2 protein chains.
Amino acid sequence: MILCDIGNTFLHFYQNGRVWKERADKILSQFQNQEIFYISVSRRGEEAFLKKFPYAISLETFGVLDTAYIGLGVDRKCACMAVEDGVVVDAGSAITVDIMQNGVHLGGYILPGIASYLKLFSGISERLKIMPNLSLDLDLMPQNTKEAISLGILKSIVGFIQEQAKGKRIYFSGGDGKFFSKFFKNSIYNEILVFEGMLKAVEKYRESRL
Amino acid sequence: MILCDIGNTFLHFYQNGRVWKERADKILSQFQNQEIFYISVSRRGEEAFLKKFPYAISLETFGVLDTAYIGLGVDRKCACMAVEDGVVVDAGSAITVDIMQNGVHLGGYILPGIASYLKLFSGISERLKIMPNLSLDLDLMPQNTKEAISLGILKSIVGFIQEQAKGKRIYFSGGDGKFFSKFFKNSIYNEILVFEGMLKAVEKYRESRL
């Protein structure tokens, strides 16, 4: 069985605990006689994917999460489905922070990702066009523009996640997930969180076929 | 005596507690036999200003702050000079957060301003191009993208300032200063903070002439 999480630029594949990614416009993988399940947040990526794997099965309607949130992306939904109690953080171009309690999704926040912050500062003023230092100690008192921006970004994101977690376990995924997880004692970096949720959706799919 | 704080687009004037602003490229005020002191963070604004008031006196070298911070803008320096103990927040296109203790500047942070956050989200994804609702209750659990972004921005900024303040008094100025001050019990909105610091610099100037 193959799982695929389709984004705008990349397709993320999963098979027996192994993960890899491929460009949506240049899919190399070949699968013979294998079930393929997928979710997608990209119309374009999905079209390219289905051209290559027309028999793939969408898990869209089987990613079922107990939530009042309107418009939760299917990837975010699957990541949350993998967590019974805790805070689910996907740190990429945007940072999503979702709160799970007893298997119920209580709500979630969206922050800009680190790369977006940097682009932003260079847009405000020439003086703020600075390559930040993200390895600074959070307890340092900033003494120049570079430190002021670096710690402004870092501490506002880290402090925000800490505040929402209120002692709960924090599950990180996404490109900057590993980086952020090191700031928290009670955290796990789990790059296959979305796939764990997709496996639950596959179970729901199988139940529906009985 | 007139004070002027020169920015890129606007000149901010002060006379006997009264403040007003004028476009740098269209200065209307006329002053007869009056001392004029100024600070500037804009070369272009300063040139236009000095063409009209060639006899104005720069307070640049009299804005003296006990700090190890390299490259603190003169306007930020003057605002800090006005505060003995507390947190000085200038909330505009960027948000600066400076920590004063016993008249000493311990350091400072720079965050994006609210307007910059919004521009930023629209750059990440079409889905995030949303006019946020900044009047939401901070305790609300976001249940859609608009609330997720609005409260992500608000809570990360407010939480960050709260964390740095550690119970100290918070002095707000800048275009969004009044808006932010309402989230804090121990805060003051003071739009003439920079001018209060400039008045101290004028004293230093007078002492130097004795």
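At what distance from the ring centre of B:Phe10 does B:Lys21 lie? B:Lys21 is placed over the face of B:Phe10, at 4.3 Å from the ring centre. This is a predicted model, where local features need pLDDT of at least 70, side-chain atom pairs count only at pLDDT 80 or more, and totals for chains, interfaces and linings use all residues. Residues are numbered from 1 along each chain as its sequence is written, chains are lettered from A and ligands numbered from 1 in the order in which they are written, and side-chain values use heavy atoms, with hydrogens and water left out.

**Charges over rings**
- A charge sits over a ring if NZ of Lys or CZ of Arg is within 6 Å of the ring centre and within 35 degrees of the ring normal.
- In chain A, the charged end of A:Lys21 sits over the ring of A:Phe10, 4.3 Å from its centre.

**Aromatic pairs**
- Rings of Phe, Tyr and Trp (its six-membered ring) pair if their centres lie within 6.5 Å, and planes under 30 degrees apart count as stacked, over 60 as edge-to-face and the rest as tilted.
- Over all chains, the count comes to 32 aromatic pairs.
- One of them joins B:Phe53 and B:Tyr55 edge-to-face, 6.5 Å centre to centre with 80 degrees between the planes.
- Ring pairs also link a cluster that includes A:Phe13, A:Trp20 and A:Phe31.

**Cysteines**
- A disulfide is a pair of cysteine sulfur atoms within 2.5 Å, and the structure holds zero disulfides over all chains.
- A:Cys78 is in no disulfide, as the nearest cysteine sulfur, that of A:Cys80, is 9.5 Å away, too far for a bond.
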